[in-house]
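Subject: Structure handover

Hello,

Here is the structure I said I would pass on. My notes on it follow below the entry.

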Amino acid sequence: MATMYDVPADDLIEALADDLADRLEEPEWGKFAKSGVDKELPPEQEDFWATRAASLLRKVADRGPVGVERLSTEYGGAKGGSNRYRVAPDKRVDGSKNLIRTILQQLEEEDLVETAEGEGRRITADGRSLLDETAGDVLEELDRPELERYA
């Protein structure tokens, strides 16, 4: 049986996003909100909400239990300097905590993630099985000879 570690992360997240698009509903403010302080505009990707949810589910499974603060650090970036001449160096900023928290709450409603008191969020058995089943499907569809040893 394939696990999430046996397939490339990009392919797994793309397949998970297809599945989660039916299960999760993007809030009304989702298409107008920026994904971080360092961004000038909201994401242009059509299925951004499902893709970010799939990425969050994979990160919680890999690093869990993990909190919103640590996840926002991982989705952060570099904000430009202090003025229009960019004299000051870039500063490290976090990603949108509201976006991450809302997606995690939706994943909790779907029983894919649970709250560990004082530790953050961790994956449930249903979430782990969804990841493993999706990884198995992705592994069958991949046409990469270097991954045949896992099949």
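Strand β3 (residues 113-116) runs antiparallel to strand β4 (residues 120-123), and four bridges join them. Two strands count as paired if DSSP finds at least two bridges between them. Helices (H or I, at least four residues) and strands (E, at least two) are DSSP runs, numbered from the N terminus. Opposite G120 in β4 stands A116. The hairpin has three residues between its strands, and G118 takes a positive phi near 80° there.

E114 and R122 also meet through their side chains, in a salt bridge of 2.9 Å, N to O. A salt bridge here is a side-chain nitrogen of Lys or Arg within 4 Å of a carboxyl oxygen of Asp or Glu. E114 is partly exposed at a relative accessible area of 33%, and R122 is partly exposed at 34%. For these classes, buried means under 20% relative accessible area, exposed means over 50%, and partly exposed lies in between (1.4 Å probe, protein chains only).

**Basis of the model**

This is a predicted model, in which local features need pLDDT of at least 70 and side-chain atom pairs count only at pLDDT 80 or more, while totals for chains, interfaces and linings use all residues. Residues are numbered from 1 along each chain as its sequence is written, and side-chain values use heavy atoms, with hydrogens and water left out.

**The chain as a whole**

The protein chain has five helices and four strands. Along the sequence they follow the pattern α-α-α-β-β-α-β-β-α. Taken along the principal axes, the C-alpha atoms fill a box of roughly 55 × 40 × 30 Å. Of the 151 residues in the protein chain, 42% are buried.

**Other salt bridges**

The whole structure holds nine salt bridges. In one of them, R23 pairs with D19, with the closest N and O atoms 3.9 Å apart. R23 and D19 are separated by about one helical turn, because they are four residues apart in helix α1. R23 is partly exposed, at 34% relative accessible area, and D19 is partly exposed too, at 28%.

Another salt bridge joins the side chains of E74 and R63 (3.1 Å, N to O). E74 lies in helix α3 (residues 68-74) and R63 in helix α2 (residues 48-63), so this pair ties together parts that are eleven residues apart in sequence. E74 has 31% relative accessibility and counts as partly exposed; R63, at 38%, is partly exposed as well. Both belong to a network of salt bridges that links K59, D62, R63 and E74.

D10, E14, D18, D22, E46 and D47 form a negative surface patch. A patch is made of residues with over 30% relative accessible area and no salt bridge, with like charges joined within 9 Å and nonpolar side chains (Val, Leu, Ile, Met, Phe, Trp, Tyr) within 5 Å. E14 lies in helix α1 (residues 9-23) and counts as exposed, at 55% relative accessibility.

R23 lies in helix α1. How far apart are R23 and A78 in space, C-alpha to C-alpha? The distance is 32 Å, and in sequence R23 and A78 are 55 residues apart.

Regards

Terms used:
Accessible areas come from the Shrake-Rupley method with a 1.4 Å probe; for residues, only the protein chains shown count as cover. Lys and Arg count as positive and Asp and Glu as negative; His and the chain ends are not counted. The place of a charge is taken as NZ of Lys, CZ of Arg, CG of Asp or CD of Glu.
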